[in-house]
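Subject: Structure for your review

Dear colleague,

Please find below the structure that I am handing over to you, together with its sequence. My notes on it come after.

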Amino acid sequence: MKDDAHYMRRALRLADKGRGHVSPNPLVGAVLVRRGQIVGAGAHLQVGGPHAEIHALQEAGVQARGATLYVTLEPCAHHGRTPPCTQALIAAGIERVVCAVEDPDPRVSGQGFGQLRDAGIKVEIGLLGAEAERRNAAFLKHRRSGRPLVILKLAQTLDGRIATANGDARWISGEKSRRHTHRQRSWVDAIAVGAGTVLADNPQLNVRHVKGPNPRPMVIDGRLRVSPEARVFTANNPILVTSSAAQSANFCDYGVEVWSFEAPDHRIDLRQVAARAGDHNLTSLLIEGGGQLAAAALRDRIVDQVMVFITPRLMGTGIAAIADLGINFVEETIQLENVHLRHLERDILYTAEVKYPCSPV
């Protein structure tokens, strides 16, 4: 069992090589071991490319016969962009498969394991499953619910301010924190801000400071206060989320995809936005600002995780990181679980999973 965990950790590290390049597919790593030696290893590196198991088989060659496969997600059992991995594993003579997590995709969902067992291959499931689930949280949530994993990112002072009263916010966090933010941007499918952020900062919402792909920028503006000439709309495949009553036709002339929703009092139900994003195969969404959008996302309960960069500054009066949530009692507060702290020079990165209170209904 100790050796099994060692090889599965190797597979999990390999899976990270595909981060930012394989969505809406999962991150998958695979390691082939024969007689105590690694004979092949691989990862899923790009959409449409060979799966991790195929890379590992190609590296192992004839040494795959009689080997044990350690893989982070259930091997596929269907024809998609590539042939089913199960058939390749069976043909290669794999003797045992140790897998971390079952694939909830209805095209797989236990069928891969079934095909392997029918061929006489021993299958074991669940080793380091919690760690594998965390790595593939976006893919797994999308396949299980049809919605993206939503991460709320905040950069704030110690007393919870994201800007001064006159709107100055550059730079609250340090350089290392900003570089970490851009790395996170390169790992998600889309990044959202509210109209206030666009009007105040005119951001690009692209990836700088690190190498990686740009996410799709999304502006949520129920009142349609932003201009189609804002820098955010010069990026590839930008999205404007607005009221169906808004006059947004001219945005299409700028190549902007417009998502319209019924919006009483210009307030858009972000649960509908998350559902639309899932329908567009966006498996992860990073919300970056501002305080009103952060509060709306928490009120609508779409946020799954938070990333809070806390800098050792005190501002006093200023713009709050999160606007009013309408909470009157402590028992109504939103709790955070699985909290992790990381020092980034003088800043502290606080990451956690969101746990909402039970509805009184």
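The paragraphs below set out what was found, by topic.

Please bear in mind throughout that this is a predicted model.

Backbone geometry

Proline 24 belongs to the loop that runs between H1 and strand S1 (29–34). The other two places concern phi. Leucine 224, although not a glycine, has a positive phi of about 50°. This leucine 224 sits in the loop between strand S9 (216–220) and strand S10 (239–243). Leucine 224 counts as buried because its relative accessible area is 18%, and the cut-off for buried is under 20%. Asparagine 338 is not a glycine either, and a positive phi of about 50° is found there as well. As background, most peptide bonds are trans, and most residues other than glycine have a negative phi.

Surface charge

A patch of positive charge on the surface is formed by Arg9, Arg10, Arg13 and Lys17. Of these, arginine 13 is located in helix H1 (residues 2–15). Arginine 13 is classed as partly exposed because its relative accessibility is 48%, and exposed would require over 50%.

Serine 186

Is serine 186 buried or exposed? With a relative accessible area of 4%, serine 186 is buried. Its position is within helix H7, residues 175–187. Residues up to four places away in sequence being set aside, serine 186 touches Gly20, Val207, Lys211, Gly212 and Pro213.

Arginine 144

Helix H6 (residues 137–145) contains arginine 144. Its relative accessible area is 49%, so arginine 144 is partly exposed. Which residues does arginine 144 contact, leaving aside its neighbours within four places in sequence? The contacts of arginine 144 are with Pro104 and Glu133.

With kind regards

Key:
Residues are numbered from 1 along each chain as its sequence is written. This is a predicted model: local features need pLDDT of at least 70, side-chain atom pairs count only at pLDDT 80 or more; totals for chains, interfaces and linings use all residues. Side-chain values use heavy atoms; hydrogens and water are left out. Patches are made of residues with over 30% relative accessible area and no salt bridge: like charges are joined within 9 Å, nonpolar side chains (Val, Leu, Ile, Met, Phe, Trp, Tyr) within 5 Å. Accessible areas come from the Shrake-Rupley method with a 1.4 Å probe; for residues, only the protein chains shown count as cover. A salt bridge is a side-chain nitrogen of Lys or Arg within 4 Å of a carboxyl oxygen of Asp or Glu. Lys and Arg count as positive and Asp and Glu as negative; His and the chain ends are not counted. The place of a charge is taken as NZ of Lys, CZ of Arg, CG of Asp or CD of Glu. Helices (H or I, at least four residues) and strands (E, at least two) are DSSP runs, numbered from the N terminus. Buried means under 20% relative accessible area, exposed over 50%, partly exposed in between (1.4 Å probe, protein chains only). Contact means heavy atoms within 4.5 Å.
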